[in-house]
Amino acid sequence: MHLHGTQKINEHGRLEIGGVDTNVLTEAYGTPLFVYDLADIRSRAEQFHEAFQSNHVTYQIAYASKAFSCIAMMELADRLGLSLDVCSDGELFTAMQAGFPVERIHFHGNNKTPAELEMAVDAGIGCIVVDNFTELSWLMAMTEANAKPMEVLIRITPGVEAHTHEYISTGQEDSKFGFDLNSGQAGRAIEMIQAHEYLHLLGVHSHIGSQIFRAEGFEEAVKEIYQSIRVWIDRYDFYPEVLNVGGGFGIRYAEGDKPLPLHVYIDRMVEAAKKEAALLDRPVPEFWIEPGRALVGEAGTTLYTTGSRKDIPNVRSYVSVDGGMTDNIRPALYQAEYAAVLANRAGERAEELVSVAGKCCESGDMLIWDLELPAVEKGDTLAVFSTGAYGYSMANNYNRILRPAVVFVEDGLHECVIEREQLADLTRRERSYTAAKAVDTAK
Ligand code: LLP
């Protein structure tokens with residue numbers, strides 16, 4: 001069994017997180033329940049800070065809030081000295097509700113609407129990562145009309161695609177994100193921004209993928225970007241003040257996942273940039289990264305209560321829990337694998353092989369195939385590890401199942417930061433179709 005962060009098995013043989021017995025949590029808040037181990041998030045933020053500081057470069061660590069966004073998380077990100085990557089009006093709104101310093105907010109997205117851009121410009125956020133010409137023209141008009149300046153990065157596709165265990169260099173880019181390099185789109189965008197009165201081109205952004213276990217992809221991306229920078233210096237006299245290499249740092253979900261220590265990614269990408277900058281006799285740009293999963297993924301654990309089981313002799317035993325693809329769609333969507341234990345009997349030896357099913361009316365709603373557990377009884381607490389990123393943030397109401405509650409734990413304290421959804425929430429924004437009465441009467 002591999003435990004994460006502050007998790008341990010206590011003297012009662014139960015899983016404890018942040019010094020809090022999971023039994024206390026299920027009794028206080030019910031299940032399914034997302035539990036975040038704040039010490040783990042703090043430690044990861046600290047590791048990123050230290051990695052940059054020991055490399056003596058200026059930097060920003062922008063938490064990719066798509067991984068998990070709520071007011072308390074935004075407040076924590078601020079306290080941890082993080083910047084913020086938002087990619088919708090909803091994420092921006094949440095950050096602003098939390099009082100997150102707007103100058104450290106960066107706005108992403110391949111289809112930011114005029115209303116979203118307006119919101120960002122009005123709020124005076126730190127930077128917009130410009131993705132395409134449509135957005136650029138809106139942004140130009142908007143900043144001009146309001147006489148409001150805006151810092152921008154341009155997002156480019158560096159021709160490097162990183163998968164979990166390897167990376168590939170792709171010659172021709174085929175992506176919905178960013179400006180293409182080969183066809184000269186990036187260059188054209190640079191010229192347009194440079195010529196604009198209210199936009200200031202801070203630098204370049206690239207994001208090469210997610211759940212990456214090797215540093216080579218980032219190194220390669222830095223090198224590829226510098227190939228372009230050489231051209232941009234000659235053509236546009238443009239050398240970036242900021243180099244943003246995105247997120248994607250891998251975490252441990254299950255057996256076989258072997259993430260690198262966080263500083264290794266940073267050491268390698270900074271080293272690559274230092275080398276390239278020295279060749280051009282230019283300063284190393286300020287480094288920005290955008291980790292989501294690496295900050296909150298392993299810090300999150302989902303607690304479920306086991307219910308029905310179905311034993312098919314010589315085939316399989318299904319154990320169902322009170323959640324599923326509504327709170328964790330990743331297994332169904334990406335065949336993502338997770339590890340889990342019985343939190344209330346974490347000290348007991350595994351005795352059987354079961355598959356954990358969600359409660360949705362869908363055969364694909366399986367959380368874990370072939371999991372070794374003590375003989376499972378109804379009413380046990382199943383703790384699924386590493387659900388902190390893209391779990392709650394991708395939660396949905398399929399089958400009109402309610403979204404779970406979220407609790408933060410630290411130093412023996414626990415506090416609910418998102419309440420469990422209630423049945424009444426489901427119909428709160430709904431209305432009868434009154435026109436039907438008129439139509440039916442007329443018939
Ligand atoms: N920056 C940009 C521009 C991104 O698009 C993303 C993620 C990140 C940063 C953060 O990536 P991270 O460090 O969290 O890997 N729903 C999928 C993940 C989608 C990621 C999309 N972009 C999942 O559950 O695996």
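A crossing of two helices is called left-handed if the near helix is turned anticlockwise from the far one by less than a right angle, and right-handed if clockwise. In this predicted model, the crossing of helix 4 and helix 5 is left-handed, whereas helix 5 and helix 6 make a right-handed crossing.

**Helix packing**

Two packed helices are described by the angle between their axes and the distance between the axes.

| Helix pair | Angle between axes | Distance between axes | Handedness of crossing |
|---|---|---|---|
| Helix 4 (residues 89-97) and helix 5 | roughly 25° | within 10 Å | left-handed |
| Helix 5 (residues 114-123) and helix 6 (residues 133-146) | about 45° | 10 Å | right-handed |

The axes of helix 4 and helix 5 cross at roughly 25°, and helix 4 is therefore roughly parallel to helix 5, since angles under 35 degrees are counted in that way. Helix 5 and helix 6, in turn, pack at an angle of about 45°, which makes helix 5 oblique to helix 6.

**The second largest pocket**

The second largest pocket holds about 690 Å³ of space and has a lining of 33 residues, among which Y338, A339, A340, I368 and L371 lie nearest its centre. By residue class, this lining divides into 21 nonpolar, four polar and eight charged residues. At least two lining residues are supplied by each of helix 11 (330-334), strand 17 (340-342) and strand 19 (366-373), and strand 19 provides the largest share, eight residues. Both domain 1 (8-37 + 299-427) and domain 2 (38-296) take part in the lining of the second largest pocket, with at least three residues drawn from each.

**Backbone features in two loops**

In the loop between helix 1 (22-29) and strand 4 (33-37) lies P32, which is joined to T31 by a cis peptide bond with an omega of about -10°. In the loop between helix 9 (262-280) and strand 14 (286-289) lies D281, a residue that has a positive phi of about 60° although it is not a glycine.

Definitions and conventions:
Residues numbered from 1 in each chain as written. Predicted model: local features only at pLDDT ≥ 70, side-chain atom pairs only at ≥ 80, totals over all residues. Heavy atoms only, no water. 1 Å grid on protein atoms, 1.4 Å probe; cavity = no way out; pocket = protein on both sides within 12 Å on 5 of 7 lines; lining within 4 Å. Points joined across faces, edges and corners; volume = space filled by probe spheres on them. Helix = DSSP H or I, 4+ residues; strand = E, 2+ residues; numbered from the N terminus. Nonpolar A, V, L, I, M, F, W, Y, C, P; charged D, E, K, R; others polar. Domains from an automatic or database assignment. Axes fitted to C-alpha atoms, helices over the stretch in contact; angles between N-to-C directions. Parallel < 35°, antiparallel > 145°, perpendicular 65-115°, else oblique.
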